[in-house]
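Please look over the chain shown here before reading on.

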Amino acid sequence: MAERTRFQGDLEPDEDYEGLRFADAAFDDAAAGGSRFLDCEFAGVSFGGGRLRKARFTDVSLYQVRFVATDLSETGWQGAVLTGCALAGVQAFSATARGVRIRGGKLEAVNFRGGAFTDVTFEDCVLRDVDFGGARLVRVSFAGCTLAGADFTNVSCTDVDLQGASLGIAAGYESLRGVTIDRVQLVTLAPFLARQLGLVVTD
């Protein structure tokens with residue numbers, strides 16, 4: 001594979017970025033809504049604030065990239081790999097992801113409401129106060145992840161695998177129908193599921 005050309009300058013809205021390397025750069029308050037990133041690499045990059053709404057990321061790799069208070073709503077992700085990335089206070093509602101792998105990431109207060117995730121793998125990630133409300137999850141797994149305060153309200157789950165994850169689900173237990181869990185997780189969830197069903201459990 002040919003070496004990617006290193007990008008220098010500012011991001012612009014509705015632009016096409018192909019075969020570029022974004023490295024060791026800070027894009028604070030970037031205005032790149034509607035842009036398309038194809039076969040690009042991001043390494044050691046940070047986004048502070050900024051608006052990337054409706055941007056498209058196809059066959060991209062991101063390594064130790066930080067998104068803080070960034071608008072990623074209605075973005076599209078296809079064939080992307082995110083390794084060691086951090087997202088905090090990010091708006092990513094109505095985003096779509098297909099064939100995406102997120103490894104060793106930290107996601108805090110991320111809004112995925114109304115999104116669509118197909119063939120997505122979260123691996124060894126920490127998801128704290130992440131909101132999946134109303135999202136559609138198809139063949140999504142969370143191996144080795146820690147979920148703390150996750151909201152699954154009105155989530156549609158098809159072939160979702162939570163095995164091997166530490167489950168701290170704040171809301172949406174009724175949406176877990178059909179989700180795969182292990183026996184240890186069942187014991188952990190039992191009191192919450194009983195409460196959801198209105199069962200009275202005595203000693």
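The sections below go from the whole chain to single residues.

## Overall make-up

The model described here is a predicted one, and its protein chain has a secondary structure that comes to 1 helix and 21 strands. The chain holds 203 residues, of which 43% count as buried, and it exposes about 10200 Å², with carbon and sulfur atoms supplying 47% of that area.

When contacts in the protein chain with a separation of 6 or more are considered, residues 24 or more positions apart account for 2% of them.

Val138 takes part in both pairings, being the bridge partner in β18 of Thr118 and standing opposite Thr158 in β20.

## The nonpolar core

The largest nonpolar core has 60 residues, and those with the most contacts inside it are Leu11, Phe22, Phe37, Phe122, Phe132, Leu137 and Phe142. The elements that give two or more residues to this core are β3, β14 (96-103), β16, β18, β19 (146-151) and β21 (166-171). As a general matter, nonpolar side chains in soluble globular proteins tend to be buried together.

## Two residues with positive phi

Which phi does Asp24 have, although it is not a glycine? The value is positive, at about 50°, and Asp24 is found in the loop between β3 (20-23) and β4 (26-28). Asp24 has a relative accessible area of 62%, and because that value is over 50%, this residue counts as exposed.

Asp39, likewise a residue other than glycine, has a positive phi near 55° and is found in the loop between β5 (36-38) and β6 (41-43). Is Asp39 exposed or partly exposed? With a relative accessible area of 30%, Asp39 is partly exposed, because this value lies between the 20% and 50% cut-offs.

How values were computed: Residues are numbered from 1 along each chain as its sequence is written. This is a predicted model: local features need pLDDT of at least 70, side-chain atom pairs count only at pLDDT 80 or more; totals for chains, interfaces and linings use all residues. Side-chain values use heavy atoms; hydrogens and water are left out. Helices (H or I, at least four residues) and strands (E, at least two) are DSSP runs, numbered from the N terminus. Buried means under 20% relative accessible area, exposed over 50%, partly exposed in between (1.4 Å probe, protein chains only). Contact means heavy atoms within 4.5 Å. Accessible areas come from the Shrake-Rupley method with a 1.4 Å probe; for residues, only the protein chains shown count as cover. Two strands pair if DSSP finds at least two bridges between them. A nonpolar core is a set of buried Ala, Val, Leu, Ile, Met, Phe, Trp, Tyr and Cys residues joined through side-chain atoms within 4.5 Å.
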